[in-house]
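Subject: A structure for you to look at

Hello! Here is the structure I promised to pass on to you. Have a look at it first, and then read my notes below.

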Amino acid sequence: MTDTYSAAVRTNGLWKVFQQEAEEVTAVRDVSLTIDRGEFTALAGPSGSGKTTLLNVIGGLTRPTRGDVLVAGREVSAMSNQELARLRLDEVGFIFQAYNLLPVLTAMENAEFPMLLQGIGAEERQARVRALFERTGMSGLEDRRPGKLSGGQQQRVAVIRAVASKPALVLADEPTANLDSASSEALLDMMSELNRDLGVTFVFATHDGHVMERSRRVVQMVDGSIDADEIRT
Amino acid sequence: MLPRSQPTHVGVILILALRNLRRQLRRSILTASAMVIGGWLLLFSFSLGDGMHETWIDSGVRMSGGHVTVERPEYRLSRKIEDRLPADVRSATERALESPEISAQVVAQSARLTITGLASSPAGARPAQVIAVDPLAEAPFSMFDDQVIEGRYLEPDDRLAAYVGIGLVESLDLRLGSRFVVQAQDAAQDISGQLLRVVGIFQSGMPEADQSVIHIPFQTGGDWLGSDRDVTNVGVVLADSAMVAAVATHLERVLAEPIARGDASVLKWRESNPALYAAVAIDDFGNYLIYGILFTIIGFGIVNTVLMSVLHRHREFGVLQALGLTPGQTGVIVLVEGLTLTAVSGVIGVSLGLLTTWYFFGDGIDFSTLIGEDMTFSGVVIDPVVVPMFRVSRVIQILAFIFVMGAAASAYPARRAATIDTAEAMKFER
């Protein structure tokens, strides 16, 4: 059985309710879920099923209404803003649908950014990032600003940024939604390799059937609840 | 387990702030230009204003009792000879002014016996302000000697000589060499008269002075009024009015004993010439008001620039927080952007202001076509040529003002950036 500390994420009786004017909208409904280190898991479901909200709660971007969330063994629910910022910096890597690279930084600087915040020295930062650039076929693009990269290239930089600081897990919200099928396939290959070779834990929110096919575990969400949890071999 | 403390990320914050300013280069330059012009105008106009006020003050204090004057407390209102300074207080004051602590600031000093009397000639009688002076000390003090239009100023060996304003000369139908009589209350409180002869006629440009002032030798005054070497006041003209407080404090310390027993008081020009002080204060207030309005407008420009930049970068601030910056650090990025913009443009503006001030140091700016050449008010002859004045304290004051304004204008946008909902910010469409 998986104990609390070997799990990358554990949620227990998790709820997230938004107040929209006079109406309460339940985005996450009593979700209890454990994701072990090294998993390659997809949270699947239609729009509005609560998968992005669940990712946000796990990543400390949104506080749960009730229930517990443990990330790398640390209880997230009661953390202060500063503690949440530190958790995101040390334990969580984010990949967004819209890439979200910082436009004023080069590809290399974007990838280094979380490590810069962590206080890691320039030599180590650059060594880690250069290795990942090389591994992902991005060598030679280090000095380009995001505006000078294609969508697929930007998303690769975003993946490198997410994994270079060696977080406990990487949360990816619809990472392939803005990419063409070739770029999407290349990106999934890249993340699969990083998962297999480096043991990076990936959790995707997606409704892309192709991403689900490539995932080793698919958690189906409907109306904020887990409808099915399928482990593929 | 407590998390490790969050580093301040000064370098990261600076890099992001500076690159964001460069990213919105046109907007940054436009806002900075307003600030540069504002800083430039602010410094130059205050230098010009300070120079003008210094001229007013210099002119005003020379025509009255100096930047600092020592006299008996009662004399200010009574103007009577019995309220004169005791001889020991005069000596102590003169010794104090020679002390190394303040002597470098003293441009001129004059011990005077000033009384109100009646000047009469066969043509009539007029009230007069008779000032018994040491000609050598008085000349650099009041500069009345420069205003001679006929004859000459007093000389040390003169005895019954009188240096008379043009208005009084005309009223009494006098001319060079004419004799006339002045009468006043003497030290024994009797009415005493003195025969004088006109050796010089002056025109100060100030009707009040020209119609009443008579300078006579100090010795003549002492003999006539029986006051020996006593004076009614000792006045001091300083190189810079900014030194008034220091010199007055020094004199108060040295004269602590006579001040305590009521034999002396030390007056700054603001107290001895309140009308002049009010004129300077009103003019300063006007400047502060105009520049307050100007900088409020510029401040709104900065708020607009920084706030627009924040609103356009909502998602970016969300990303920064998702990557591990705290809300406070996100706000600091915006604050640094605003402060950098104001600091750089403020320094450039103030530097341009200094250059302009320096350019006009020599000859000043001639406003005679606007205000004429014979304008006076409150005992001051207004010089139409204004030479700007450089004060380090003014530069520091203006830079501090610009910086504080920049901080205030950036505070609201910074708060907006710090309080975004990170998850919501991610939903923001570009």
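Predicted model: local features only at pLDDT ≥ 70, side-chain atom pairs only at ≥ 80, totals over all residues.

Helix 2 (residues 25–63) of chain B packs against helix 14 (residues 327–359) of chain B at an angle of about 40 degrees, and their axes are 7 Å apart. Helices here are DSSP runs of H or I with at least four residues, strands are runs of E with at least two, and both are numbered from the N terminus. The axes are lines fitted to C-alpha atoms, for helices over the stretch in contact, and angles run from 0 to 180 degrees between N-to-C directions. That angle makes helix 2 of chain B oblique to helix 14 of chain B (under 35 degrees would be roughly parallel, over 145 roughly antiparallel, 65 to 115 roughly perpendicular, and the rest is oblique).

Residues are numbered from 1 along each chain as its sequence is written, and chains are lettered from A and ligands numbered from 1 in the order in which they are written.

Now for chain B as a whole. Chain B holds 17 helices and 14 strands. Its radius of gyration is 31 Å, whereas a compact globule of 430 residues would have one near 22 Å (taken over C-alpha atoms; the globule rule is 2.2 Å times the number of residues to the power 0.38). Along the principal axes, the C-alpha trace of chain B spans about 100 × 55 × 30 Å. Buried residues are 44% of the 430 in chain B (buried means 20 or more other C-beta atoms within 10 Å of a residue's own, exposed 12 or fewer, partly exposed in between, with C-beta atoms placed from the backbone).

Gln189(B) sits in the loop between strand 6 (179–185) and strand 7 (191–202) of chain B, and has a positive phi of about 65 degrees although it is not a glycine. Asp228(B), in the loop between helix 8 (218–225) and strand 9 (233–238) of chain B, also has a positive phi, near 55 degrees.

How does chain A look? Chain A has seven helices and ten strands. Its radius of gyration is 17 Å, close to the 17 Å from the globule rule for 233 residues, so chain A is as compact as a globular protein of that length. Of those 233 residues, 51% are buried.

Finally, the two chains meet: 25 residues of chain B are in contact with 24 residues of chain A (contact means C-beta atoms, placed from the backbone, within 7 Å). Helix 13 of chain B gives the most to the side of chain B that touches chain A, with six residues. That side of chain B has twelve nonpolar, seven polar and six charged residues.

Enjoy exploring!

How values were computed: Nonpolar A, V, L, I, M, F, W, Y, C, P; charged D, E, K, R; others polar.
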